[in-house]
Amino acid sequence: MTVLFIANRGEIAARIERTARTLGLRCAVGSPEVDAGLPYVEEADIVVPLDSPRAFGDVEAMVAAAVAAGAELVHPGYGFLSENPDFARAVAQAGMTFVGPSAEVIASMGDKANARRLAQASGVPVTPGSPGPVESLEEAHGVAQAIGFPLMVKAVAGGGGIAMAVVAEEAGLAAAVEQVAGRGRSVFGDGRMIVERYVERSRHIEAQIMGLPDGRVIALGERDCSVQRRHQKVVEESPSPALTPAVREQVARQAVALGEAVGYRNAGTVEFIYDVDREEFYFLEMNTRLQVEHPVTEAVHGVDLVAWQLAVARGDSEIPEGFSATPNGHAIELRIYAEDPERFLPRPGTVTRWQMPSGAGVRVDAGYREGTAVTPFFDPLMAKMIVWGATREEALERTRKAAAEMAVEGPGVNLPYLVRVLDSEPFATGDYITGLVVDERDG
């Protein structure tokens, strides 16, 4: 029986296991001692001990664990090594199949400056900004003089909201450059930056694509990820209530064009900033992996993205049965974090109560359960609640009901904040922008 090694942990590892079991695969994971008892460990067929929590970010350690498990396939999930070209390359060199795009494509799109150039070459619109990487304050000043303020400064190798800063005026540019360059060097080993115009009233729209072995690139609709804190998403929905059918079609077409231009294979996401005042969208970046929020796409397009990923990795170009290019209904996802609901700071702890909702259209992808511990070694995401409805109104009402049924005690939980978002007028009407988190917290 084929062994799939999941180079990840928590809810995404458990979610990949769920699909893999239905396909007749044996699931292997690596587990540090601090994860003992978590669902992804308990439900795996093979568990390879890891010396440290840091092993999830170590190419050699993860490849060695996969080899020890006798794996033929390696799924990276998201985060950790999922967008590390060295990992994808090492997996292939060890004789295993990496469930994702090639190392070359990961490297090409992981460099934000290069991705921006490729997008432009493919006819995908980009925001005004630096034509290439910026490496000094002087260069950043030159870009600022050309395009004006406000600006966004972000690390070339960044991701997940890390190493980014908004600059409102000239006086703040030096501090932003120092902060982003320093953070880029410490986290990603690369202090180069991109400087571009910051769209003040925007929506964060991303398009899901799947690149097939026969060269086709399929569009799977878009997700609206505009509810964020610290540039990280906390509520997502699909389809976006902000887009007209014409703009929706343009977003899908541009995402496919970029995927075709780079020879993309497997699941990927093309992210855009949508200027709500100008009704224009601009390329932001490409994520060469499965996204945290992929379940909302699954809910409205009738597809299991992990199953499709695994099929593509094994050379299958068939479109899955039940897939619909046109969205059916509406889906909303809430990210349940172990954090302070006011300041959004991590608050780990042992789970003393774990009550998850159920009912029509409700799905929960969980990484914990009662009696397990959320430790300070990892991102504090505990679970995701995904709710589908025939209309956005039905999805929202079902989400509110499900949130009221959910109860987590022990660690901190951001659920009170999420409830406030659901009850806010901007979210209820769908007329909100990326600053909704700030507005709700301060209001």
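Colleague: In which loop is the place of Pro150?

Modeller: This is a predicted model, in which local features need pLDDT of at least 70, side-chain atom pairs count only at pLDDT 80 or more, and totals for chains, interfaces and linings use all residues. Residues are numbered from 1 along each chain as its sequence is written, and side-chain values use heavy atoms, with hydrogens and water left out. Helices (H or I, at least four residues) and strands (E, at least two) are DSSP runs, numbered from the N terminus. On that basis, the loop that holds Pro150 is the one between α7 and β6 (151-159).

Colleague: What is omega for the cis peptide bond that joins Ser238 and Pro239?

Modeller: The model has a cis bond from Phe149 to Pro150, where omega is near 0°. Pro239 is placed in the loop between β11 (232-238) and α9 (245-261). For the cis bond between Ser238 and Pro239, omega is about -5°.

Colleague: At what angle do helix α7 and helix α8 pack?

Modeller: Helix α7 covers residues 137-147 and helix α8 residues 173-188, and their axes are 10 Å apart. Axes are lines fitted to C-alpha atoms, for helices over the stretch in contact, and angles run from 0 to 180 degrees between N-to-C directions. The two helices are therefore oblique to each other, the class left once angles under 35 degrees count as roughly parallel, over 145 as roughly antiparallel and 65 to 115 as roughly perpendicular. The angle itself is about 125°.

Colleague: Is the crossing of α7 and α8 left-handed or right-handed?

Modeller: A crossing is left-handed if the near helix is turned anticlockwise from the far one by less than a right angle, and right-handed if clockwise. By this convention, the crossing of α7 and α8 is right-handed.

Colleague: Which are the edge strands?

Modeller: Two strands pair if DSSP finds at least two bridges between them. The open sheet has 5 strands in the order β3-β2-β1-β4-β5, with parallel pairing. Two strands pair on one side only, and these edge strands are β3 (46-49) and β5 (97-98).

Colleague: Which residue in β4 stands opposite Ile6?

Modeller: Strand β1 (residues 3-6) runs parallel to strand β4 (residues 73-75), and 3 bridges join them. The residue opposite Ile6 is His75.

Colleague: What is the phi of Asn266, although it is not a glycine?

Modeller: Ala163, in strand β7 (residues 162-167), is likewise not a glycine and has a positive phi of about 65°. Ala163 is buried at a relative accessible area of 7%, where buried means under 20% relative accessible area, exposed over 50% and partly exposed in between (1.4 Å probe, protein chains only). Asn266 belongs to strand β12 (residues 266-275) and also counts as buried, at 1% relative accessibility. Its phi is positive, at about 80°.

Colleague: How many Å apart in space are Arg289 and Ser82, C-alpha to C-alpha?

Modeller: Arg289 lies in the loop between β13 (280-287) and α10 (294-301) and is buried, with a relative accessible area of 14%. Beyond its neighbours within four places in sequence, Arg289 is in contact with residues including Gly77, Tyr78, Ser82 and Tyr264. Arg289 and Ser82 are 207 residues apart in sequence, and their C-alpha separation in space is 6.3 Å.

Key. Contact = heavy atoms within 4.5 Å.
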